[in-house]
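Hi,

Here is the structure I promised to pass on.

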Amino acid sequence: MSEIILHHYPASPFAQKVRSALGIKGLSWRSVKIPMVMPKPDLMPLTGGYRKTPVMQIGADIYCDTQCILRELERRYPTPSLFTGTTEGQAMAMSHWSDKALFSAVVVLNFGAIGEHLPEEFIKDRSEMGGAPFDVSRMKAAAPLMLDQLRAFLDWTESMIGDGPFIMGDAAGMADLNAFHVLWFLRKQHPGAGPILEPYAKTSAWLERMDTIGHGTMAPMDAADALDVARDATSTTEAAEDPGDPSGRKPGDRLTVMPDDTGRVPVTGELVSSSAHHVAIRRSEERVGEVVVHFPRAGFRVLPARD
Ligand SMILES: N[C@@H](CCC(=O)N[C@@H](CS)C(=O)NCC(=O)O)C(=O)O
């Protein structure tokens, strides 16, 4: 089987979610470091325009968004399961809280606190990605409101962890990953994280336990080598019609797919397979030949291609 290649950068909380999943599953993987801001010239040939972090590559199959990446890791490497003690639906629905409400509160708190130290190119890039100014002074002003949100959310994590050691009991899984990556980001970046987390003894101890899970076995890889892997491989995704598709999409249809929140860059290709939770499209580019790019459905828009 082809190696797991993660395209990411160390400071990315969403990449941390995947790194910890690789740790839970004890997997070996290759790490390609990508830039924190556009341009990402060695990533675009693989994704066709999707620019967010992380992206997972296995041969000529490219998985965008942590929902899609974690589902695929679970499919290929089911033991130990990320869904011990939860259903997939419970864990995935919880990620809409952690990845949106919890993440947004922590982004505002973190960048409100350290915003004046951010490079101009980062602010410009995130303004373009979000379609609105990345306004550090507004974030600073909103910090008290976000502390109220975070307080409610940390009260939830205390209650979720309960007697522990993990949210669903003895084994760490998706429920832990959801809450962990955002609080990891708070702890890593916010200068006041210590006092913010201090009243939450269960959450603080659980964060330490999550750290000890580690990231599996990582070996670095050059971006050019990852592109060669894609060029020399053939996608293993089989064409499959989705009988429940509400719009009657069929393999071979030309579609565009993009996130519905930020980084809305349409990726165009030919439908290979889809379901309630995934859409896989084939596209080709000179540097990598044919690749199949996979996206989740929740939080993504799938439209007929204009060409
Ligand atoms: N829904 C996405 C969110 C990913 C995301 O927002 N990642 C951040 C970094 S943690 C990002 O892409 N920032 C811009 C960039 O890296 O170019 C997922 O679950 O993967």
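**Pockets, domains and salt bridges**

The lining of the largest pocket takes at least two residues from each of α1 (13–25), α3 (66–76), α4 (88–114), α5 (120–130) and α7 (174–189). Helices (H or I, at least four residues) and strands (E, at least two) are DSSP runs, numbered from the N terminus.

Before going further, please keep in mind that this is a predicted model: local features need pLDDT of at least 70, side-chain atom pairs count only at pLDDT 80 or more, and totals for chains, interfaces and linings use all residues. Residues are numbered from 1 along each chain as its sequence is written, and side-chain values use heavy atoms, with hydrogens and water left out.

**The largest pocket**

This pocket holds about 1,100 Å³ of space. It is lined by 44 residues, and the closest to its centre are Phe 14, Phe 103, Val 107, Met 129 and Thr 262. For the method: on a 1 Å grid over the protein atoms alone, a pocket is an open set of points where a 1.4 Å probe fits, with protein on both sides within 12 Å along at least five of seven lines, whereas a cavity is a set from which the probe cannot get out; lining residues have an atom within 4 Å of a point. Grid points are joined across faces, edges and corners, and a volume is the space filled by probe spheres set on the points.

With 9 residues, α4 gives the most to the lining of the largest pocket. By class, that lining has 23 nonpolar, 11 polar and 10 charged residues (Ala, Val, Leu, Ile, Met, Phe, Trp, Tyr, Cys and Pro count as nonpolar, Asp, Glu, Lys and Arg as charged, and the others, Gly among them, as polar).

The domain bounds come from an automatic or database domain assignment. Taken over C-alpha atoms, the centres of domain 1 and domain 2 are 24 Å apart. Across the boundary, 26 residues of domain 1 are in contact (heavy atoms within 4.5 Å) with 24 residues of domain 2.

**The second largest pocket**

About 300 Å³ of space lies here. Its lining has 15 residues, and Glu 72, Arg 75, Thr 237, His 278 and His 294 are the closest to the centre. Both α3 and β9 (289–295) supply at least two residues of this lining, and α3 has the largest share, 5 residues. The lining divides into 4 nonpolar, 6 polar and 5 charged residues.

**Salt bridges**

There are 21 salt bridges in the structure, each being a side-chain nitrogen of Lys or Arg within 4 Å of a carboxyl oxygen of Asp or Glu.

One joins its side chain to that of Arg 75 (2.8 Å, N to O), with both residues in helix α3, 3 residues apart, about one turn of the helix. The other joins Glu 72 to Arg 76 (2.7 Å, N to O), and these two are 4 residues apart in helix α3, so about one helical turn separates them.

How accessible are these side-chain partners? Glu 72 counts as buried because its relative accessibility is 10%, while Arg 75, at 55%, counts as exposed. Arg 76 is buried, as is Glu 72. The cut-offs are under 20% relative accessible area for buried, over 50% for exposed, and partly exposed in between (1.4 Å probe, protein chains only).

Helix α10 (residues 223–232) has a pair of its own: Arg 231 and Asp 228 lie there, 3 residues apart, and their closest N and O atoms are 3.3 Å apart in a salt bridge. Arg 231 is partly exposed at 43% relative accessibility, and Asp 228 is partly exposed at 24%. Both belong to a network of salt bridges that links Asp 228, Arg 231, Asp 232 and Arg 287.

**Two single residues**

Ser 274 lies in strand β7 (residues 267–274) and is buried, with a relative accessible area of 8%. Leaving aside neighbours within four places in sequence, Ser 274 is in contact with Ala 240, Asp 242, Asp 245, Val 279 and Arg 297.

His 96 lies in helix α4 and is partly exposed, with a relative accessible area of 33%. Not counting residues up to four places away in sequence, His 96 touches Gln 67, Ala 101 and Ala 298.

Best wishes
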